[in-house]
Amino acid sequence: MSGDDGTPGNSGYGKKAFKRSRSHFADRITADGRDGWPVEAGRYRLVVSRACPWASRALVARRLLGLEDALSLAVADPIQDDRSWRFTLDPEGRDPVLGIRYLSEAYDRRETGYPGGVSVPAVVDVPSGTLVTNDYQQITLDLATEWTALHRPGAPDLYPRDLRDEIDEVMAGVYEDVNNGVYRAGFATGQEEYEAACAGVFRRLEQLTPRLERQRYLVGDTITEADIRLFTTLVRFDAVYHGHFKCNRWKLTENPVLWAYVRDLFQTPGFGDTVDFDHIKRHYYQVHTGINPTGIVPMGPDLAGWLTPHHRQELGGRPFGEGTPPGPVRDGEEVPVRGRP
């Protein structure tokens with residue numbers, strides 16, 4: 001998120017065609033430690049921004065799987081400077097565990113002079129202070145499949161083996177046209193580029209609508225990784241993508257099926273309780289000065305609707321399968337009231 005397209009500084013957004021870089025640091029933390037990073041409780045720190053949809057996937061997965069004690073959390077300031085993510089929300093502007101002011105310091109310990117952007121989510125090895133991975137596509141899949149020994153009792157199976165082919169197919173389309181499509185529209189430098197990306201966003205959403213009219217979740221009858229990945233874009237749609245990124249053919253609230261679907265997830269423990277609309281809006285409107293040079297943050301939209309009845313339970317489905325909901329949000333990880341409906 002922000003910086004991983006290789007654009008220099010905040011003012012660079014919208015000045016050249018958007019292309020999302022592949023994750024440069026793609027080591028995996030696995031049960032067998034084959035990349036040199038074995039799953040181990042307390043060893044790693046997950047660095048996120050609550051503004052970032054890619055990082056928000058990891059926040060949701062961590063909560064649903066009950067990994068709070070095993071994988072500590074660092075939350076970056078939603079307002080970046082040109083050195084990217086910083087820990088100015090913490091006392092003295094330093095992460096209390098890693099002792100660093102900028103996430104870039106963990107990147108530098110991994111590769112001095114790394115030329116790419118500093119992105120979240122990132123997982124850092126606490127003993128060495130070294131970045132392990134910024135592979136946003138793989139991190140959550142590994143949390144679901146490699147960290148199982150540390151999952152809470154009753155944790156859901158977010159990537160069930162018998163549904164993986166279908167999940168992967170759905171996620172690939174959502175990634176290309178929706179997750180990444182909103183960025184290609186928002187950072188477009190020409191009319192044709194913008195129109196192609198924006199059309200792709202709404203074409204995919206319209207394809208998903210009848211699917212979600214028939215069934216409560218994207219794949220199978222339980223929450224999976226596919227739902228997490230769609231949710232983190234949809235929850236930001238009216239707040240930032242509709243206006244700031246000009247994806248404005250219609251608002252999410254104007255699509256009854258998708259609006260009910262995302263409210264259902266928002267009201268499910270592990271989803272809405274990780275969302276901070278204040279961080280989301282301030283990041284997009286104040287950091288992307290290349291496309292919003294005034295830095296003015298809109299007052300809306302009204303958030304009251306997020307807690308209204310959705311009636312999706314009438315479609316059946318079991319949110320956590322044979323498992324159970326996660327417990328209350330841990331102390332110190334609550335979303336501030338100002339960022340909640």
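**Second largest cavity.** I looked up the lining of the second largest cavity in this predicted model and found Arg 50, Leu 59, Arg 62, Arg 63, Leu 73, Asp 273, Thr 274, Val 329 and Glu 333. I noted about 50 Å³ of space in this cavity. By class, I have 3 nonpolar, 1 polar and 5 charged residues in the lining. Helix 1 contributes the most to the lining of this second largest cavity, with 3 residues.

**Helix 1 and the sheet.** I then followed helix 1 (residues 53-65), which packs on the sheet and touches strand 1 (44-48) and strand 2. The direction of helix 1 makes about 130 degrees with that of strand 1. For the sheet itself I wrote down 4 strands, open, in the order 2-1-3-4, with mixed pairing. Strand 2 (72-75) and strand 4 (130-133) each have a single partner strand, so one side of each is left without a neighbour in the sheet. On average, neighbouring strands are turned by 35 degrees against each other, direction ignored.

**Strands 3 and 4.** I checked the pairing of strand 3 (residues 122-125) with strand 4: it is antiparallel, over 3 bridges. Asp 125 stands opposite Thr 130 in strand 4.

**Largest cavity.** I counted 5 cavities of 30 Å³ or more. The largest holds about 100 Å³ of space. I found 13 residues lining the largest cavity; Ile 29, Val 123, Thr 133, Ile 139 and Asp 142 lie nearest its centre. Helix 3 (residues 136-145) gives the most to this lining, with 4 residues. I sorted the lining of the largest cavity into 7 nonpolar, 2 polar and 4 charged residues.

Terms used
Residues are numbered from 1 along each chain as its sequence is written. This is a predicted model: local features need pLDDT of at least 70, side-chain atom pairs count only at pLDDT 80 or more; totals for chains, interfaces and linings use all residues. Side-chain values use heavy atoms; hydrogens and water are left out. Two strands pair if DSSP finds at least two bridges between them. Helices (H or I, at least four residues) and strands (E, at least two) are DSSP runs, numbered from the N terminus. Axes are lines fitted to C-alpha atoms, for helices over the stretch in contact, and angles run from 0 to 180 degrees between N-to-C directions. Contact means heavy atoms within 4.5 Å. On a 1 Å grid over the protein atoms alone, a cavity is a set of points where a 1.4 Å probe fits but cannot get out, and a pocket is an open set with protein on both sides within 12 Å along at least five of seven lines; lining residues have an atom within 4 Å of a point. Grid points are joined across faces, edges and corners, and a volume is the space filled by probe spheres set on the points. Ala, Val, Leu, Ile, Met, Phe, Trp, Tyr, Cys and Pro count as nonpolar, Asp, Glu, Lys and Arg as charged, and the others, Gly among them, as polar.
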